[in-house]
Amino acid sequence: MFSQEQKNQLADGVLAQVGGRVVLYSSVLEEAFFKARFLEINPEENPARFRSVFNDILKSKIQNNVVLISAKNDTTIEVSYDDIDKNLNERIDYYVQQLGSVAALEEELGMNRGEIKAKFWKEVEEELLINSFKYRLFQGVSISRDEVS
């Protein structure tokens with residue numbers, strides 16, 4: 001389904017639209033290749049597993065956009081610059097640890113650390129908004145063992 005040639009192509013199109021937000025093919029594909037590499041899935045050798053990763057990411061992006069729209073409409077939720085910066089640095093540090101060095105991460109993504117932060121800033125901001133919104137919705141919810149059984 002997704003050969004190396006397809007990965008290198010500039011391919012784009014709208015896979016989904018949620019409110020005024022779109023989920024682009026290129027965005028899902030890029031994330032799927034990165035996750036596949038992390039999970040040691042070769043798309044050419046195991047296209048079914050790669051397709052599953054791709055579809056999981058697409059589904060997640062659609063669901064997150066639904067929640068994000070509500071989170072942005074909730075004026076009581078704010079995410080600070082410092083929260084975004086801290087979270088982004090922690091993620092970068094995690095991937096540096098996984099790949100062995102900053103240089104390996106920069107080579108994998110084809111960007112330096114500053115460019116990585118700039119590229120993923122909005123994504124991290126939106127994820128933090130979503131998490132804050134979910135926390136706010138469910139902070140008073142508790143479930144007993146009897147309710148689970």
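What pattern does the protein chain follow when read along the sequence? The order is α-β-β-α-α-α-α-α-α, made up of 7 helices and 2 strands.

The model is predicted: local features need pLDDT of at least 70 and side-chain atom pairs count only at pLDDT 80 or more, while totals for chains, interfaces and linings use all residues. Residues are numbered from 1 along each chain as its sequence is written, and side-chain values use heavy atoms, with hydrogens and water left out.

The C-alpha trace of the protein chain spans about 50 × 35 × 35 Å along its principal axes. Of the 149 residues, 27% are buried, a term for under 20% relative accessible area with a 1.4 Å probe, counting protein chains only. Among contacts (heavy atoms within 4.5 Å) with a separation of 6 or more, 64% join residues 24 or more positions apart.

Helix α6 deserves a separate look. Its 26 residues (residues 113–138) should span 38 Å at 1.5 Å a residue, and the 35 Å between its end C-alpha atoms agrees with this; the expected span is 1.5 Å times one less than the number of residues. A kink of about 45° in α6 is centred on F120, where the bend is the angle between axes fitted to the seven residues ending there and the seven starting there.

The buried residues of α6 are I116, K117, V124, E126, L128, L129, I130 and F133. Their cover includes β2 (21–24), α3 (47–73), α4 (81–99) and α5 (102–109).

Definitions and conventions: Helices (H or I, at least four residues) and strands (E, at least two) are DSSP runs, numbered from the N terminus. Buried means under 20% relative accessible area, exposed over 50%, partly exposed in between (1.4 Å probe, protein chains only).
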